[in-house]
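Work through the exercises below with the sequence and the model side by side. Each task is followed by a solution in steps.

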Amino acid sequence: ETKELLGIPKVFIIQACKGSTEEKRESLRKCGDDQHNQSTDPNQYCTKRADVLIAYSTSEGCLSYRNTENGSWFIEVLKDCVTNPEYEKMHFVEILTICTNRIIKYYSDTDETSEFTQTPSYSSTLRRFLKFEKGEKKSYFP
């Protein structure tokens, strides 16, 4: 209900189980990358539910894992990606996609030979691309 937050992105990162199901890791054939062009023009209207992104450490109904020494897989990979200079100009959803791929590919509940992993997910009503660029604070809408 805070009017000062209208039009400003709100990001929630949730590290928690969303159920008790252990998600099996399965091998897939390598898929090609599709390029999708999206307009970055701001919508002239706004709602209370717009400009929110919620990132979850796992999918609905599934367990979320953590390493007893290194902590949460999701938070560890997300931190590494957000602070990686190679990803500095990427949209946050692109970074979340990289995180999902890394977790499924490299993490398991015990070791790389395990059949269980987790699949992060997110929900978004962002109207613009959200980037975490270093330097001067920028407006969400120029």
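**Exercise 1. Asp51**

Task: Decide whether Asp51 is buried or exposed, and find its salt-bridge partner.

Solution. 
1. Asp51 has a relative accessible area of 0%. Buried means under 20% relative accessible area, exposed over 50%, and partly exposed in between, with a 1.4 Å probe and protein chains only. Asp51 is therefore buried.
2. The side chain of Asp51 meets that of Arg127 in a salt bridge, 2.9 Å from N to O. The term requires a side-chain nitrogen of Lys or Arg within 4 Å of a carboxyl oxygen of Asp or Glu.
3. The two residues are 76 apart and link distant parts of the chain: Asp51 is in the loop between β2 and β3, Arg127 in the segment after β7 (121-124). Helices (H or I, at least four residues) and strands (E, at least two) are DSSP runs, numbered from the N terminus.
4. Arg127 is buried as well, because its relative accessibility is 18%.
5. Check the backbone too: phi of Asp51 is near 65 degrees, a positive value in a residue other than glycine. Most residues other than glycine have a negative phi.

The structure used here is a predicted model, in which local features need pLDDT of at least 70 and side-chain atom pairs count only at pLDDT 80 or more, while totals for chains, interfaces and linings use all residues. Residues are numbered from 1 along each chain as its sequence is written, and side-chain values use heavy atoms, with hydrogens and water left out.

**Exercise 2. Confidence**

Task: State the average pLDDT of the protein, and examine residues 27-43.

Solution. 
1. pLDDT is the predictor's confidence in each residue, from 0 to 100.
2. The average for the protein is 76, and 72% of the residues score at least 70.
3. Over residues 27-43 pLDDT stays under 50. For this stretch the model has seven contacts beyond four places in sequence, where contact means heavy atoms within 4.5 Å.

**Exercise 3. The other salt bridges**

Task: How many salt bridges does the whole structure contain, and what else does Lys18 do?

Solution. 
1. A search of the whole structure gives three salt bridges. Side chains of opposite charge can pair when their charged atoms come close.
2. One of them joins Lys18 to Glu60, with the closest N and O atoms 3.3 Å apart. Lys18 is in the loop between β1 (10-14) and β2 (23-24) and Glu60 in the loop between β3 (52-56) and β4 (66-67), so the pair ties together parts 42 residues apart in sequence.
3. Lys18 is partly exposed at 22% relative accessibility, whereas Glu60 is exposed at 62%.
4. The charged end of Lys18 also sits over the ring of Tyr56, 3.7 Å from its centre. The rule asks for NZ of Lys or CZ of Arg within 6 Å of the ring centre and within 35 degrees of the ring normal.
5. Another salt bridge pairs Asp80 with Lys79, where the closest N and O atoms are 3.1 Å apart. Asp80 is partly exposed at 32%, and Lys79 is partly exposed at 49%.

**Exercise 4. The nonpolar core**

Task: Identify which residues of the largest nonpolar core touch the most other members, and which element gives the most to this core.

Solution. 
1. A nonpolar core is a set of buried Ala, Val, Leu, Ile, Met, Phe, Trp, Tyr and Cys residues joined through side-chain atoms within 4.5 Å.
2. The largest such core has 20 residues, and Leu53, Leu78, Cys81, Phe92 and Ile95 touch the most other members.
3. β3, α1 (73-82) and α2 (92-106) each supply at least two residues of this core. The most come from α2, with seven.
4. Beyond four places in sequence, Cys81 is in contact with Tyr87, Ile95, Ile98, Cys99 and Arg102.

**Exercise 5. Ile13 and the overall fold**

Solution. 
1. Ile13 and Ala55 are 42 residues apart in sequence, yet 4.7 Å apart in space, C-alpha to C-alpha.
2. Among contacts between residues at least 6 apart in sequence, 76% join residues at least 24 apart.
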